[in-house]
Amino acid sequence: MADHTEALVELLRRTIEQKDEQIRELRETISGLQSTIAGLNETIEEFRRKFFGSSSEKSRRKEDAPESDETREVTVRAHTRERKPKSRREDLYASLPVREVRCPVPEDGRACPDCGAPMETIAWQYVREELRITPAKVERVHYLQEVLACPACREEDVGTISKAAVPTALLAHSLASPSMAAYVMYQKFMNAVPFYRQEMDWLQMGTPLARETTSGWCIKCALCYFQPVYDLLHKYLLEREVLHADETVCQVLHEEGKAAESKSYMWIYLTGNDKQPPIILYEYQPGRQGEHARNFLEGFSGLLECDGYTGYNSVENVTLVCCLAHCRRYFFEAVPAARRRKIKLLDVSSPEEIPQETADPERAKESGRLPAEIGLCYCNQLFRIERTLKDLDAEGRKSKRLELEVPVWERFWDWLGTLAPLGGSLLEKAVNYAFNHRELLGNYLLDGRCEISNNRAERQAKSYGTGRKNFLFHDTVSGAKSSAIIYSLVETAKANGLNVFQYLYTLLLYMPDYKDEPAGVEAMMPWSDFIKERCQGTMDVETETPENKGQIPV
């Protein structure tokens, strides 16, 4: 009987253990399914936002969308906005030429109505000012070369002939002039007007000009005349100590070994906040491998600000500085869509200041906000502090960062370590991204010239993206490479406060004669006195022409 009881007890014990094991397995299965469902729901919401909503980080609620009960009350956040001083008309248009239009009294009204004596002019009274434009016009220019012959030598049957010098042609056997080619480049690479739209505009001006022709002008001029300027800018870029880098996709239809629909990349490199003349360079590459950044930056040693892309690890002799804006974006994406609509991702240089209530993580914790929102608050708190330091010099900024921002980082990492996000969720991605880039995110503290984000480079990617949205693709590799060169000169000219058209025109005016002379190429730098004198105001292209342009003082 005792043996039978013991056997029964053992059987019950095993049964209970099996049940406990089954319960444990079921709980693990349920937990895994919950994580999968959470991840799938977030993925679905993200696809809905991208395909049917606004693709901007500043997502807004549609006006006709019904409100839920919990979002019926709306609180308008108070914020401060830096108001720029109102510009005066004299300052806005100081660079424009002034033309006076005098309105005289007609002859039959110049006699005194009282005594009939002729009246005298005592003043020209100012009435008003208006802006007047002369639309672009195209004219055909025929160069006629004077030929001299000696009549005395001719009598002796000796043909002595002398010919006048003729300006160097921009492109042999072509209708292209410096002004035409510069205007085409200005329209496409500054104003994002693709060649096919320009073709229609040329027709309106009575000039049938095929898109293939204007495209050929840009490619030839970029590779022949702009390449030496680009190469020298590249040399100066590598001599700096703080650089930014980014890359964005592009498409090339005809590229050996690649399908037309495959991705290529436009890489962007630019100088940082070092108080020296800015340089912005684009480089076309068929891929996104880190070797492209390593080759372009060979010879550079310093701080390289970038996003978390691992390809930049290939760059040698540099200290990588990871962008906090990218880290913040992961937390932003982890916020549910309904709450995300109320959030603006503001930068240090944004006109609108980050509101205090969105930059207070302790208050967010007390009010029971979601972990993703708390992480966003930590990032905003750092951005808000940075805004107060942007006018300091490098040493002062570094000192204040160590005093004010290091404690915020310490609290952030301590808090982040307490989280246990669901596997596969967007919050888990945000937490993992932060921990994986912990050291690189803090490297901006090493130098006051570093910025807390890589938004400086991202803005340049958007400049290219604006044009890409209109022209869609590059036809050939030569077209992509020439576009990178021209974009580089356009964006560098803008950053140095130059008139872009005038800079392109000046380059095309002088480079045919000076492209092989180092001193001439040096004079084409955007910060040279020669360029600033010609390209910071307005230029009269009707007098500054190939036939009377003068010489570069080298």
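Reader: Hello! What share of the contacts with a separation of 6 or more in the protein chain comes from residues 24 or more positions apart?
Author: Welcome! This is a predicted model, in which local features need pLDDT of at least 70, side-chain atom pairs count only at pLDDT 80 or more, and totals for chains, interfaces and linings use all residues. Residues are numbered from 1 along each chain as its sequence is written, and side-chain values use heavy atoms, with hydrogens and water left out. Taking contacts (heavy atoms within 4.5 Å) with a separation of 6 or more in the protein chain, the share from residues 24 or more positions apart is 66%.

Reader: How much of the protein chain counts as buried?
Author: The protein chain has 20 helices and nine strands, which are DSSP runs numbered from the N terminus (H or I, at least four residues, for helices; E, at least two, for strands). Buried means under 20% relative accessible area, exposed over 50%, and partly exposed in between (1.4 Å probe, protein chains only). Of the 554 residues, the buried share is 39%.

Reader: Which helices do the buried residues of H5 pack against?
Author: Helix H5 spans residues 195–204, and its buried residues are Phe 195, Gln 198 and Trp 202. These residues sit on the same side of H5, because they cover an arc of only 55° around the axis, judged by the directions from the helix axis to the C-beta atoms. The helices that they pack against are H4 (178–190) and H6.

Reader: Let's move on to Thr 214. Which residue's backbone oxygen does its side chain reach?
Author: Thr 214 belongs to helix H6 (residues 211–238) and is buried, with a relative accessible area of 2%. Beyond its neighbours within four places in sequence, Thr 214 is in contact with Val 184, Phe 195, Trp 202 and Leu 209. Its side chain also comes to 3.1 Å from a backbone oxygen, that of Arg 211.

Reader: Which residue joins Tyr 312 in a side-chain polar contact of 2.4 Å?
Author: Tyr 312 lies in the loop between strands S7 (302–306) and S8 (318–322), yet at 0% relative accessibility it counts as buried. Leaving aside its neighbours within four places in sequence, Tyr 312 is in contact with residues including Trp 267, Ala 293 and Leu 320. A polar contact is a pair of N or O atoms within 3.5 Å; within protein, one must be able to donate a hydrogen and the other to accept it, and residues adjacent in sequence count only if both atoms are side-chain atoms. The side-chain partner of Tyr 312 at 2.4 Å is Glu 247.

Reader: How many residues apart in sequence are the parts that Glu 129 and Arg 89 tie together?
Author: Glu 129 and Arg 89 form a salt bridge, their closest N and O atoms being 3.6 Å apart; the term means a side-chain nitrogen of Lys or Arg within 4 Å of a carboxyl oxygen of Asp or Glu. At 43% relative accessibility, Glu 129 is partly exposed, and Arg 89 is partly exposed at 46%. Glu 129 lies in the loop between H2 and S1 while Arg 89 is in helix H2, so the separation in sequence of the parts they tie together is 40 residues.

Reader: And where is Lys 549, which meets Asp 513 in a salt bridge?
Author: The side chains of Asp 513 and Lys 549 meet at 3.2 Å, N to O. Asp 513 is partly exposed at 34% relative accessibility, whereas Lys 549 is buried at 13%. Asp 513 is in helix H18 (residues 500–514), and 36 residues away Lys 549 is in the segment after helix H20 (529–535).
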